[in-house]
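Visitor: Can you walk me through this one? I'd like to start with the charged side chains.

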Amino acid sequence: LSGGGATSLIVHSGILPYPSKTAGIATRTSMSAAGMMDVPVSIALTPHHILSLSETNNLRFINRVSQKVIQQERVDFADDGSSIGALLMDPRRPDQVWLRHGRNLVHISSSQEDRDVWKFTLQKCLEMKLTTSPRSPRANDSSSQSPHTFTEEEQTQEALFEEAKALCTNAAQKAVVTSIRAEYHLGQGRAELAAKYLAQSPPALAPFPDTAIRLALPQLGIEDPRIGTLAARRSLGSSNRPLIAFLSDKMRAGKLNQDRMTCTMIGAWLTELFLHDRGQEDRLNAIMGRKEAETQKSSPDNRVLFAHFLNSHVQHMDAQTIMTILTSHDVGAHECAHFASKSGDIRTAVNAALAAGKDTGVFEALCILDDAPFELAEPLYYKHASIFLAKAPSAAVDSFLNKYEQGLSPSRLLPSIMHYESSRVEKARLRQAESENETNTGVEESKEVDYNVDGAQFSPDGIELKVSQTAKAASFSDDPNAATKYLEGVIKKGCRVSAVYRYLISLYTRMDDEEPLLSFLTNHLPVSSSASDATRKALLAGERGPDSALRGPLDMSYALRTVLSSGRHYRSAIRLYMAFGMRQQAVELAMKVDPSLARELAQESVELEERKRLWLMIAKHATKDGASRGGKDVVSRVVSVLKDCGPDVLSIEDVLPFLPDFAQIDQIKDEICEALTSYASKIEGYLREMSDRDRACDELRSELTRLKDHRMRVKADAKCALSNKPVLSAGEPFYVFPSGYVVLSSAVKEEVLPFLSDKQRQRVSELEEQLAKSAGESASVKNLLQNELDGLLAAECPLTGSIMVESVDK
């Protein structure tokens with residue numbers, strides 16, 4: 001049938017045999033015709049059976065899988081039998097069938113319809129006849145190791161196996177199907193597929209020891225009577241892949257059950273099997289030739305499978321056991337490093353990577369440390385820093401900088417960096433000596449070396465690998481910027497270690513270019529500071545001074561001594577002098593290096609006396625420099641200094657002692673005229689200032705004379721402005737201020753005392769004590785003490801003076 005579209009509605013097709021005669025069935029009514037045809041008149045379908053009803057009311061149950069009658073019943077009715085029955089199906093209940101006969105309705109049902117269906121499906125699967133015979137692999141046949149590709153018929157058979165397993169109602173039935181399926185594939189020569197199904201079988205049907213021995217014996221050349229077919233023997237004898245597949249599935253089951261012991265034992269066995277197969281593959285490649293072997297090989301590379309196995313199960317195996325097995329075979333050091341890294345044994349991984357000897361091993365070790373937890377990687381950075389720098393300085397510096405923020409100490413890496421720099425300088429010196437040697441015939445070329453692990457030794461620091469090699473080529477990568485790059489990087493990240501700053505300064509001083517050193521000092525030195533005498537003495541003595549500028553991470557005294565001892569980079573030394581506040585020394589050094597810089601430094605001085613002193617030094621140096629050139633331009637040099645410093649700093653009379661005796665006045669005539677004009681204007685200014693001072697003195701004298709005769713009147717009922725007490729009847733001294741307020745002395749003291757300084761308050765107490773004890777003193781002494789006390793307490797009115805302004809915020 002077809003639904004009119006491209007998709008057919010037919011699920012299964014075929015001819016169902018049907019018996020033509022009733023035989024062996026007891027009937028309640030006599031049948032006159034012995035050979036009467038028992039033709040079905042009605043058919044019904046259930047999920048697993050076909051029900052047929054004949055004219056004689058014979059009900060047959062036919063299994064849809066085996067296509068055989070499994071049960072036959074006769075249904076008798078009370079009528080004359082003239083009517084024909086019919087089978088009815090319930091759409092809501094496919095397993096329920098009804099028999100209608102006349103006015104009778106009989107319910108036909110089965111409590112366990114699917115009871116033996118899985119057996120019939122499995123039997124049908126085993127009885128299938130394939131048109132293509134199974135292919136028997138031979139030993140050393142590489143195609144036998146490739147995954148099996150099913151034909152269309154085999155795919156149908158596999159679908160029936162799955163259907164039989166799906167029809168099982170309990171685990172025991174499924175186990176039987178899986179076990180029979182495994183034996184069938186083994187008999188067909190599909191050993192690797194059979195091994196997978198054997199691994200799924202329960203121990204009662206496929207015990208682990210028996211199954212493992214059964215799969216391993218053919219590889220050992222031992223005949224096993226349990227392996228019946230030739231295809232099975234050849235498939236098992238071709239490689240260890242069936243045993244590897246069986247053990248791999250068992251190991252996955254152990255991982256799910258968290259059975260570490262099982263995983264360790266099976267993992268060790270699998271490692272040996274993988275390495276054995278790889279050894280055979282290598283020997284085959286050596287015999288046949290690599291190109292010919294690659295053309296014949298269609299399976300995945302054994303190394304790829306082995307690497308995948310280790311990566312998948314590394315956390316569930318004992319790392320030391322696997323490492324021992326690896327080192328007992330011809331395994332590359334980089335493979336040992338990769339496994340150790342995956343297993344978390346960082347020490348062993350780094351040791352193995354460095355033991356490889358090639359520069360790629362150093363990069364691999366750095367990658368391992370970058371990915372490892374910092375608390376495990378930190379001691380290994382310090383231990384192998386010299387090797388990292390010697391073979392891969394750029395990558396090592398990048399790795400060091402990445403780990404700085406996590407806590408990698410520059411102080412502990414500094415010895416390795418210093419050793420690398422000293423080695424680099426020494427090798428450069430040797431290369432220069434060899435280039436100058438005429439007998440030098442050339443440099444020996446480096447050789448590629450193959451490194452293999454011959455064994456291992458356990459130690460607290462991990463597993464130390466024994467590496468064999470045919471030749472050893474010393475490698476050293478010369479990177480002049482590696483050390484400075486790292487030191488600059490950690491300083492930018494916030495490093496405050498003084499040793500780092502010192503060593504970086506020493507590296508800068510070795511360079512021919514002064515720009516890096518000058519830029520570094522410009523960024524890390526203060527603009528200027530006034531150095532004390534103690535600081536200067538400490539600097540000259542080579543000690544650290546007491547100033548705060550010397551207590552930072554950059555030791556300026558060390559930097560200055562290092563730069564001066566190098567005999568070059570004087571601009572940097574000038575910058576250090578200025579940071580110390582030693583402008584005079586900076587100007588003295590600048591005059592030797594760059595006179596224009598010396599003039600800039602002198603002009604930047606803010607103190608007039610210091611600026612004058614510095615410009616005098618520059619003028620004196622210009623005179624000496626001109627004299628050394630023959631004395632022709634001495635006057636012009638001095639005049640140039642006068643113009644640069646300005647008339648406010650130096651005049652012609654200040655530099656006259658520096659001019660030679662043969663200098664002509666015509667050369668400095670303009671400067672002398674300017675000086676005389678300046679003096680005349682200054683004299684006039686001084687005269688005006690003296691007149692102003694005389695006039696101010698006369699006004700002060702007249703004011704003092706007026707104050708001697710000044711009087712103020714106080715009313716009889718005047719009250720204190722602060723305490724509101726009557727002044728005349730209070731019985732204590734009082735003050736009358738020009739503002740008109742009258743205040744008692746006790747109120748003034750109480751109001752003013754909080755606004756006095758500690759020293760002033762102490763003096764008020766002393767004066768009061770002295771006045772209390774001055775009963776026998778003269779009146780003049782008492783007046784002096786009282787006047788001083790009045791000056792402290794009543795210098796101004798507390799209500800209109802500065803005290804009132806200060807009390808606004810209180």
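Guide: This is a predicted model. In it, the side chains of E426 and R429 meet in a salt bridge, 2.3 Å from N to O.

Visitor: Where do E426 and R429 sit, and how are they spaced?

Guide: Both are in helix α17, residues 410-436. They are three residues apart, so about one helical turn separates them.

Visitor: Is E426 buried, partly exposed or exposed? And what about R429?

Guide: E426 is partly exposed, because its relative accessibility is 36%. R429 is partly exposed too, with a relative accessible area of 45%.

Visitor: How many salt bridges does the structure hold?

Guide: The structure holds 21. One of them joins R181 and E162, at 2.7 Å from N to O.

Visitor: Which helices does that pair link?

Guide: R181 is in helix α3 (residues 171-187) and E162 is in helix α2 (residues 152-167). The two are 19 residues apart, and the pair links distant parts of the chain.

Visitor: And R181, buried or exposed?

Guide: R181 counts as buried, at 4% relative accessibility. E162 is partly exposed, with a relative accessible area of 42%.

Visitor: Switching to rings. How many aromatic pairs are there?

Guide: The count comes to eight aromatic pairs. F208 and F246 form a stacked pair. Their centres are 5.7 Å apart, with 20 degrees between the planes.

Visitor: Why does that pair tie together separate parts of the sequence?

Guide: Because F208 lies in helix α5 (residues 208-216) and F246 in helix α7 (residues 241-256). Those parts are 38 residues apart in sequence. F208 is partly exposed at 29% relative accessibility. F246 is buried, with a relative accessible area of 0%.

Visitor: Which charged residues lie over ring faces?

Guide: K427 lies over the face of F476, at 5.1 Å from the ring centre. R502 lies over the face of Y558, also at 5.1 Å from the ring centre.

Visitor: Last topic, the sheet. What is the strand order?

Guide: β5-β6-β7, in an open sheet of three strands with antiparallel pairing. β5 (86-90) and β7 (104-108) are at the edges, each with a single partner strand, so one side of each has no neighbour in the sheet. The twist averages 30 degrees from one strand to the next.

Visitor: How many bridges pair β5 with β6?

Guide: Five, in the antiparallel sense, with β6 covering residues 93-101. D90 has R93 in β6 as its bridge partner.

Key: Residues are numbered from 1 along each chain as its sequence is written. This is a predicted model: local features need pLDDT of at least 70, side-chain atom pairs count only at pLDDT 80 or more; totals for chains, interfaces and linings use all residues. Side-chain values use heavy atoms; hydrogens and water are left out. Two strands pair if DSSP finds at least two bridges between them. Helices (H or I, at least four residues) and strands (E, at least two) are DSSP runs, numbered from the N terminus. Axes are lines fitted to C-alpha atoms, for helices over the stretch in contact, and angles run from 0 to 180 degrees between N-to-C directions. Rings of Phe, Tyr and Trp (its six-membered ring) pair if their centres lie within 6.5 Å; planes under 30 degrees apart count as stacked, over 60 as edge-to-face and the rest as tilted. Buried means under 20% relative accessible area, exposed over 50%, partly exposed in between (1.4 Å probe, protein chains only). A charge sits over a ring if NZ of Lys or CZ of Arg is within 6 Å of the ring centre and within 35 degrees of the ring normal. A salt bridge is a side-chain nitrogen of Lys or Arg within 4 Å of a carboxyl oxygen of Asp or Glu.
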